[in-house]
Amino acid sequence: MNEPVVVPITDTLDLHTFAPSEVGDLLKDYLAECQKAGIFSIRVVHGKGTGVLKKRVWAALAKNALVDRFHEAPPEAGGWGATIVEIKKVSPDIRHT
């Protein structure tokens, strides 16, 4: 039986150790945990390779309601081997009395 992988929640997610089929669910869960932790800018490292994993990442990000915007990382942060993701800030609960 496979044990769940515990991934520390930081501003960087390195996908090199994950299967491409896991990327969609992993990103969804990871971004939700980042939002809860108050981390709103995340660098997703997908590597350069053939570009297939990057396409999967971008497709998953485009469908994710938590994502405000995303773009290729600048050269010093990985260039086309990484993606910078900005997620929406959580609005404080407004309570009506």
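In the predicted model, helix H2 has 12 residues and reaches 17 Å from its first C-alpha to its last, close to the 16 Å expected at 1.5 Å a residue. The buried residues of H2 are Leu53, Lys54, Val57, Ala60 and Leu61. Viewed down the helix axis, these buried residues fall within an arc of 130 degrees, so they line one face of H2. Exposed residues on the other side of H2 are Val52, Lys55, Ala62 and Lys63. The packing partners of the buried residues of H2 are H1, S2, S3 and S4.

Lys54 belongs to the buried set of H2, with a relative accessible area of 17%. This value falls in the buried class because the cut-off is under 20%. When neighbours within four places in sequence are left aside, Lys54 is in contact with His46, Glu72 and Trp80.

The chain as a whole contains 2 helices and 4 strands, and from the N terminus on its elements run β-α-β-α-β-β. Of the 97 residues in the chain, 35% are buried. Among contacts with a separation of 6 or more, 60% join residues 24 or more positions apart.

Helix H1 (23–37) was examined in the same manner. Its 15 residues should span 21 Å at 1.5 Å a residue, and the end C-alpha atoms of H1 are 20 Å apart, which agrees. The buried residues of H1 are Val23, Leu26, Leu27, Tyr30, Leu31, Cys34 and Gln35. They cover an arc of only 160 degrees around the axis, which puts them on the same side of H1. On the other side of H1, exposed positions are Asp25, Lys28 and Lys36. The buried residues of H1 pack against strand S1 (12–14), and also against S2, H2, S3 and S4. Gly38 follows H1 and has a positive phi, near 80 degrees.

In strand S4 (residues 82–87), 6 of the 6 residues are buried, so S4 is largely enclosed by the rest of the structure. In a regular strand the side chains alternate between the two faces of the sheet. In S4, Ala82, Ile84 and Glu86 point one way, while Thr83, Val85 and Ile87 point the other way. Both sets are buried, including Glu86 and Thr83. S4 pairs with strand S2 (residues 41–45) in the antiparallel sense over 5 bridges. The pairing of S3 with S4 is also antiparallel, again over 5 bridges. Thr83 of S4 stands opposite Val44, and Glu72 likewise stands opposite Thr83.

Nonpolar side chains in soluble globular proteins tend to be buried together. The largest nonpolar core of the model has 19 residues, and those with the most contacts inside it are Leu15, Leu27, Ile42 and Val57. H1, S2, H2 and S4 each supply at least two residues of this core. H1 gives the largest share, 6 residues. Leu15 touches Val23, Leu26, Val44, Val45, His46, Leu53 and Val57, not counting residues up to four places away in sequence. A second, separate core of 5 residues includes Val45, Ala73, Ala82 and Ile84. Of these, Ala82 and Ile84 point the same way from S4.

Aromatic contacts were considered last. A pair of aromatic rings is described by the distance of the centres and the angle of the planes. A search of the whole structure finds 1 aromatic pair. The ring centres of Trp58 and Phe70 are 5.1 Å apart and the ring planes stand at 80 degrees, so the pair is edge-to-face. Trp58 lies in helix H2 (residues 52–63) and Phe70 in strand S3 (residues 67–72), so the pair ties together parts that are 12 residues apart in sequence. Trp58 counts as partly exposed, at 29% relative accessibility. Phe70 also counts as partly exposed, with a relative accessibility of 25%.

Notes. Residues are numbered from 1 along each chain as its sequence is written. This is a predicted model: local features need pLDDT of at least 70, side-chain atom pairs count only at pLDDT 80 or more; totals for chains, interfaces and linings use all residues. Side-chain values use heavy atoms; hydrogens and water are left out. Rings of Phe, Tyr and Trp (its six-membered ring) pair if their centres lie within 6.5 Å; planes under 30 degrees apart count as stacked, over 60 as edge-to-face and the rest as tilted. Buried means under 20% relative accessible area, exposed over 50%, partly exposed in between (1.4 Å probe, protein chains only). Two strands pair if DSSP finds at least two bridges between them. A nonpolar core is a set of buried Ala, Val, Leu, Ile, Met, Phe, Trp, Tyr and Cys residues joined through side-chain atoms within 4.5 Å. Contact means heavy atoms within 4.5 Å. The expected span of a helix is 1.5 Å times one less than its number of residues. The arc is that of the directions from the helix axis to the C-beta atoms.
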